[in-house]
Amino acid sequence: FTFLHETDGIADLEYALKEGHRLKVDLAVKRFIRLVENLSAQPEYKQIFHGNFKQHAYNFIASLNLVKWNGNHRHGFEGHILKPGEKFRINTAEGLFRTLVGNSKYDLYEPDACQPSYTPYIDMYYGFLYDKTTQADFINKVIAFTSGLIREIISGIGGDFEYVLTDQAFPPTAPNHYMRYFSESKTILIDRDPRDLYVINKHDWGARFIPSYTVDLFIQWYKLSRISQKQVKENADVLVLPFESFIYEYENDLNKIYTFTGLSCEYHTEKLTRFNPEISIKNTQVYKKYPELAADIEKIEQELTGYCYNFPENSYPFSPHLKKHIATQDILAMVDPVQAGYAIPHIGFTKYFTFLYNMTTSGKAAYWYRKRKGIGKARSSLKCIVTAIFIPVEIVAFLVSLCVSRLIHNQEQKQRLHDKNSRLKDYHK
């Protein structure tokens, strides 16, 4: 449930409307509309909001009473893909415009005469939250929007509900700012021990948005991304709990949540069926499985002391062991030079044939067949079989394009080296 803080979401729209820049407001509205279109097409949004997400969003936009007209500016068509019919109509209109203008010049009291040229039009928007009254009115309209979405969720379940639980409705760095968008809300922010986060991402996830290439880079990122927690903790409607304490201090954390939310234990009807500390304990102190990263872990403990969970002594019941597979981060390090310079690493004779197959449509479908379940698995299987006939053609096309790309890259490298040497010669002169 992240659309409020998605890029181009409600918060970005509010920021642009507060600044009141004539072109930024137009782009912010158009980008918000594009986000709404993209999200409303997703199966989850169709299911949860019964196909009405887009309608609620457009009603919200209409409620803002923005000025709207047929206009344009240099970024006006950004994100708008022209269809063939649209291109034809624009070209026709431009031709007619040139015909009617002819060679006329319109002189203003300026150094140069103006020669008008045709500019295609598109919907253009403007609004300005210029004082506290207009800003408060905007927040009320956002609350009406989110309340409508919550009613959609409840109507799909049936019955009357006092509470609705959402996942990631607010970003952990600034929940205070986003909680304004709901009539009543509380946030439970759960963080994880940086030692485990570093190791798990380096060895398993390989998520690009967590920089775990080096421990210094990770520490720098972690400090900056958690610095807001000091302010967050001061908000009485925000409760910050470590993931690990849910496991090692289960009952204590439950009582904290009961007190914070105002819920009683009677609401906890399925205790230990969704989350069982005895199972989840396997997902803690993961860093102990990688003794080769001991120096990195020690550095994290020194630099991020306040964020490391104080585990009870002898609390880890599993014998540490090294993972046998290659770390995902190391695989990325091998793959990245291919993207940068088209240089295929030496991966062995047998793996090279697997690599060529994986570059084909059939190979990609086979890869996703192993990952997916249900209908997705059946689709991948069918695609794998249907596209198998094109494997030789795709491999030849890939090898040719690889050679051409490599040649172009080499030429670019030579040109850059030549330019650098030329600049050095000029500098010495």
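Which residues does Ile10 touch, not counting residues up to four places away in sequence?

Modeller: Happy to! First, a word on the ground rules: this is a predicted model, where local features need pLDDT of at least 70, side-chain atom pairs count only at pLDDT 80 or more, and totals for chains, interfaces and linings use all residues. Residues are numbered from 1 along each chain as its sequence is written, and side-chain values use heavy atoms, with hydrogens and water left out.

Now to your residue. Leaving out residues up to four places away in sequence, Ile10 touches Phe3, Leu4, Phe32, Phe60, Phe138, Val142, Phe145 and Tyr181; contact here means heavy atoms within 4.5 Å.

Ile10 belongs to the largest nonpolar core, which has 41 residues. Such a core is a set of buried Ala, Val, Leu, Ile, Met, Phe, Trp, Tyr and Cys residues joined through side-chain atoms within 4.5 Å. Buried means under 20% relative accessible area, exposed over 50%, and partly exposed in between, with a 1.4 Å probe and protein chains only. The members that touch the most others are Phe3, Ile10, Phe53, Phe60, Phe138, Phe145 and Tyr181. Helices H1 (10–19), H2 (22–40), H4 (53–63) and H6 each give two or more residues to this core, and H2 supplies the largest share, eight residues. Helices (H or I, at least four residues) and strands (E, at least two) are DSSP runs, numbered from the N terminus. In soluble globular proteins, nonpolar side chains tend to be buried together.

There is a second, separate core of 23 residues, with Ile281, Val286, Ile300 and Phe311 among them.

Phe3, Phe32, Tyr45, Phe49, Phe53, Phe60, Phe138 and Phe145 form one aromatic cluster. Across the whole structure a search finds 28 aromatic pairs: rings of Phe, Tyr and Trp (its six-membered ring) whose centres lie within 6.5 Å, stacked if the planes are under 30 degrees apart, edge-to-face if over 60, and tilted for the rest. One of these joins Phe170 and Phe182 edge-to-face, 5.7 Å centre to centre with 80° between the planes. That pair links distant parts of the chain, 12 residues apart: Phe170 sits in the loop between helix H6 (132–157) and helix H7 (175–178), and Phe182 in the loop between H7 and strand S3 (187–191). Both Phe170 and Phe182 are buried.
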